[in-house]
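I opened this entry to keep track of what I looked up in the model and of the criteria behind each value. The notes follow the order of my searches.

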Amino acid sequence: MRQLGVKDEAVVAALLGLLSDEDGNVRDSAARALRQLGVKDEAIVAALLGLLRDPASYVRVRAAAAVEKLGGKDEEVVAALLGLLGDNDRNVRGREGGALG
């Protein structure tokens, strides 16, 4: 993807659209790609914050990693990540315990 142009708006827009795909694997891959692109943008972080409530735990873990990287220590980001400490899935809780510790 780096060859396509990291900040290409069309690429980012396409990935943002994929965050709402019905297939969890697609949502997971889109979140991973956005994290790898590293574009720190409020709209991207907001979309990823929405995935922290995804029904698939592996998507929540991936979204949390992306939010952590792209959202920094923003108050809303920290609050959202702290909220995951009560997640039913131990992988999600473990990911956030390490990220916030």
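Predicted model: local features only at pLDDT ≥ 70, side-chain atom pairs only at ≥ 80, totals over all residues.

Residues are numbered from 1 along each chain as its sequence is written, and side-chain values use heavy atoms, with hydrogens and water left out.

Entry on Ala65. I looked up Ala65 and found that its place is in helix H4, where helices (H or I, at least four residues) and strands (E, at least two) are DSSP runs numbered from the N terminus. With a relative accessible area of 12%, Ala65 is buried. Leaving out residues up to four places away in sequence, I found that Ala65 touches Arg35 and Arg95, a contact being heavy atoms within 4.5 Å. Ala65 and Arg95 are 30 residues apart along the chain, and their C-alpha atoms are separated by 8.1 Å.

Entry on the whole chain. I counted six helices and zero strands, and the elements run α-α-α-α-α-α from the N terminus on. Of the 101 residues, 39% count as buried. Among the contacts with a separation of 6 or more, 53% come from residues 24 or more positions apart. The accessible surface of the chain comes to about 5,800 Å², and 48% of this belongs to carbon and sulfur atoms; the areas come from the Shrake-Rupley method with a 1.4 Å probe, and for residues only the protein chains shown count as cover.

Entry on salt bridges. How many salt bridges does a search of the whole structure find? I found three, taking a salt bridge as a side-chain nitrogen of Lys or Arg within 4 Å of a carboxyl oxygen of Asp or Glu.

Asp54 and Arg27 meet through their side chains at 2.6 Å, N to O. Asp54 lies in the loop between helix H3 (42–51) and helix H4 (57–71) and Arg27 in helix H2 (residues 24–37), so this pair ties together parts that are 27 residues apart in sequence. I noted Asp54 as buried at 6% relative accessibility, and Arg27 as buried at 9%.

Arg62 forms a salt bridge with Asp28, with the closest N and O atoms 3.1 Å apart. Because Arg62 lies in helix H4 and Asp28 in helix H2, the pair ties together parts that are 34 residues apart in sequence. Arg62 counts as partly exposed at 28% relative accessibility, whereas Asp28 is buried, with a relative accessible area of 10%.

The side chains of Arg60 and Asp87 meet at 2.9 Å, N to O. Arg60 lies in helix H4 and Asp87 in the loop between helix H5 (75–83) and helix H6 (90–100), so parts 27 residues apart in sequence are tied together. I recorded both Arg60 and Asp87 as buried.

Entry on surface charge. Which residues form a negative surface patch? I listed Asp41, Glu42, Asp74, Glu75 and Glu76. Patches are made of residues with over 30% relative accessible area and no salt bridge, like charges being joined within 9 Å and nonpolar side chains (Val, Leu, Ile, Met, Phe, Trp, Tyr) within 5 Å. Asp41 is found in the loop between H2 and H3, and it is partly exposed, with a relative accessible area of 33%.

Notes: Buried < 20%, exposed > 50% of the residue type's maximum accessible area, 1.4 Å probe, protein only. Lys, Arg positive; Asp, Glu negative; His and termini not counted. Charge placed at Lys NZ, Arg CZ, Asp CG, Glu CD.
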